[in-house]
Amino acid sequence: MHVLTNNIISIKVASRGAELQSLYNKNTGIEYMWNAGPEWPKVSPVLFPIVGGLKKNQYQYNDRTYMLNRHGFAREMEFDLIAQETNSLTFLLKSNDKTLEHYPFQFSFYIKYTLHGSQLQVGFIVVNKEAGQMLFSVGAHPAFAVPLVSGTLFEDYFLEFDAIENTERWPLTAEGLIETASVSFLSGTSKLPLKKELFYNDAIVFKDLQSKHISLKSDRTEHGLIMGFDGFPYMGIWAAKNADFVCIEPWCGIADGVHASGMLSEKEGIQAIREGGSSFERSYTIKTF
């Protein structure tokens with residue numbers, strides 16, 4: 001386990017999946033991350049080189065069929081810690097024989113954790129090592145403890161968007177594919193009260209949020225967090241059934257739709273790095289209070 005700390009917050013990151021395990025604020029005395037309990041044994045997996053599920057867990061590229069499980073392989077692989085500075089940790093996963101069996105691209109995938117006061121920044125850098133273009137998706141899946149403080153309940157908390165939202169959600173099938181039609185969800189509001197029943201039918205998936213920040217708050221405590229996710233076009237909100245956490249998931253990519261062709265180049269939300277040696281960068285932030 002790798003530890004990074006400043007005078008306000010500290011984090012712990014596992015080399016497996018370069019996965020954030022802890023985000024602790026010394027001033028508030030609060031651990032903000034889920035504890036990887038029996039309802040879901042993860043904390044903050046990284047989603048690469050796909051986000052969500054594929055139709056029949058497979059896709060086609062250059063006349064070949066590849067098998068790839070939901071959310072890709074990065075979360076289950078060992079990353080190398082390649083740099084540790086006063087306020088940052090940088091991890092690296094390189095393509096290898098094992099990844100090439102499921103994903104036919106040469107890549108370097110960096111994850112950088114940086115502390116800025118009470119805020120954590122998580123950066124993704126994907127470098128194309130191919131001669132031609134590279135196709136991929138990348139996303140985050142952090143699970144935040146709810147309730148955050150003793151004496152409060154899950155239902156005391158809400159998510160607050162930084163814009164008034166008029167948007168629909170995209171339901172998921174039992175196989176985790178995006179349905180063909182959206183359903184009405186947020187109408188003229190910036191607040192989503194948390195209830196465990198919200199997630200009985202899997203994640204809440206958004207394709208067109210106006211907001212660039214989502215806060216986790218409660219009227220019963222002054223403490224919470226703010227996630228910033230500018231540059232991520234898709235968003236998932238999820239919790240395991242009846243579990244005491246909520247995931248706020250910024251994505252550059254999305255699960256296959258029920259009518260997806262299976263061609264990687266035609267996949268909704270797929271990202272492309274057109275030239276070898278070029279890179280793609282995104283980052284999200286978590287500010288604790």
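Colleague: In which loop is N6 found?

Modeller: This is a predicted model, in which local features need pLDDT of at least 70 and side-chain atom pairs count only at pLDDT 80 or more, while totals for chains, interfaces and linings use all residues. Residues are numbered from 1 along each chain as its sequence is written, and side-chain values use heavy atoms, with hydrogens and water left out. Strands are DSSP runs of E of at least two residues, numbered from the N terminus. On that numbering, N6 is found in the loop between β1 and β2.

Colleague: Which backbone oxygen does the side chain of N6 reach?

Modeller: A polar contact is a pair of N or O atoms within 3.5 Å, one able to donate a hydrogen and the other to accept it, and residues adjacent in sequence count only if both atoms are side-chain atoms. The side chain of N6 reaches the backbone nitrogen of I9 at 2.7 Å. N6 also touches K26, L115, H116 and G117, where contact means heavy atoms within 4.5 Å and residues up to four places away in sequence are not counted. The backbone oxygen reached, at 2.9 Å, is that of G117.

Colleague: Is D63 buried or exposed?

Modeller: D63 is found in the loop between β6 (58–61) and β7 (64–67). Buried means under 20% relative accessible area and exposed over 50%, with partly exposed in between, using a 1.4 Å probe and protein chains only. With a relative accessible area of 84%, D63 is exposed.

Colleague: Is K196 buried or exposed?

Modeller: K196 is found in the loop between β16 (183–193) and β17 (204–206). A polar atom of its side chain lies 3.3 Å from the backbone oxygen of N242. Leaving aside neighbours within four places in sequence, K196 is in contact with F154, E155, N242, A243 and D244. At a relative accessible area of 16%, K196 is buried.

Colleague: How many of the eight residues of β19 are buried?

Modeller: Strand β19 (residues 221–228) pairs with β18 (residues 213–218) in the antiparallel sense over five bridges, and the two form a hairpin with two residues between them. Four bridges also join β19 to β23 (residues 279–288), again antiparallel, with L225 standing opposite T288. Strand β19 is mostly covered, and the number of its residues that are buried is six.

Colleague: Which residue in β19 is the bridge partner of I214?

Modeller: Strands β18 and β19 pair over five bridges in the antiparallel sense. In β19, the bridge partner of I214 is M227.

Colleague: How far apart in space are D63 and M263?

Modeller: In sequence, D63 and M263 are 200 residues apart. Taken C-alpha to C-alpha, their separation in space is 9.3 Å.

Conventions
Pairing = 2+ DSSP bridges.
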